Amino acid sequence: EVQLVESGGGLVQAGGSLRLSCAASGFTFDDYAIGWFRQAPGKEREGVSYISSSDGSTYYSDSVKGRFTISRDNAKNTMYLQMNSLKPEDTAVYYCNLLIYKFDWGQGTQVTVSS
């Protein structure tokens, strides 16, 4: 069974930090580029940050560039998103998934940033 389980969200004040984790199982993790997506209330799901399978190439949306850092530990089948200098507009449910095609979306992890 393919599983992608997000964790690490919470309530934080503006300017604070959180570290999200995505634990993967049921597929060959290091064969795939993966990424973080988020959906804020009343908005469509959007891509936040992506990372290649093994060569370290990364992508960040303009809204998070310079504040977030994506990484992965293929030995642990886990991807991370270090979020610094959080803003209220970062409030959303954060999800992880593959880039080339999408497994069923999981529950995500809620990030709430208060002003």
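This is a predicted model: local features need pLDDT of at least 70, side-chain atom pairs count only at pLDDT 80 or more; totals for chains, interfaces and linings use all residues.
Glu-6 has Cys-22, in strand 3, as its bridge partner.

Strand 3 covers residues 18–25 and pairs with strand 1 in the antiparallel sense, over 5 bridges. Both strands belong to an open sheet of 4 strands, whose order is 1-3-8-7 and whose pairing is antiparallel. Strand 1 (3–7) and strand 7 (68–73) form the edges, each pairing on one side only. From one strand to the next, the twist averages 15°.

**The disulfide**

A search of the whole structure returns 1 disulfide. This bond joins Cys-22 to Cys-96, with an S to S distance of 2.0 Å. The link of Cys-22 and Cys-96 is right-handed, with 75° about the S-S bond.

**Aromatic pairs**

The whole structure contains 9 aromatic pairs. In one of them, the ring planes of Tyr-50 and Tyr-59 stand at 20° with centres 5.0 Å apart, so the pair is stacked. In another, the rings of Tyr-101 and Phe-103 have centres 5.7 Å apart and planes at 85°, so the arrangement is edge-to-face.

| Residue | Relative accessible area | Class |
|---|---|---|
| Tyr-50 | 22% | partly exposed |
| Tyr-59 | 40% | partly exposed |
| Tyr-101 | 39% | partly exposed |
| Phe-103 | 18% | buried |

The class of Phe-103 follows from the cut-off: buried means under 20% relative accessible area, and Phe-103 has 18%. Tyr-50, at 22%, is therefore partly exposed.

Tyr-101 and Phe-103 also belong to a cluster that ring pairs link together, with Phe-27, Phe-29 and Tyr-32 as its other members.

**Arginine over aromatic rings**

Two further tyrosines, Tyr-80 and Tyr-95, have arginine over their rings. The charged end of Arg-19 sits over the ring of Tyr-80, at 4.4 Å from the ring centre. Arg-45 is placed over the face of Tyr-95, and here the distance to the ring centre is 4.9 Å.

Key
Residues are numbered from 1 along each chain as its sequence is written. Side-chain values use heavy atoms; hydrogens and water are left out. Rings of Phe, Tyr and Trp (its six-membered ring) pair if their centres lie within 6.5 Å; planes under 30 degrees apart count as stacked, over 60 as edge-to-face and the rest as tilted. Buried means under 20% relative accessible area, exposed over 50%, partly exposed in between (1.4 Å probe, protein chains only). A charge sits over a ring if NZ of Lys or CZ of Arg is within 6 Å of the ring centre and within 35 degrees of the ring normal. Two strands pair if DSSP finds at least two bridges between them. Helices (H or I, at least four residues) and strands (E, at least two) are DSSP runs, numbered from the N terminus. Axes are lines fitted to C-alpha atoms, for helices over the stretch in contact, and angles run from 0 to 180 degrees between N-to-C directions. A disulfide is a pair of cysteine sulfur atoms within 2.5 Å.
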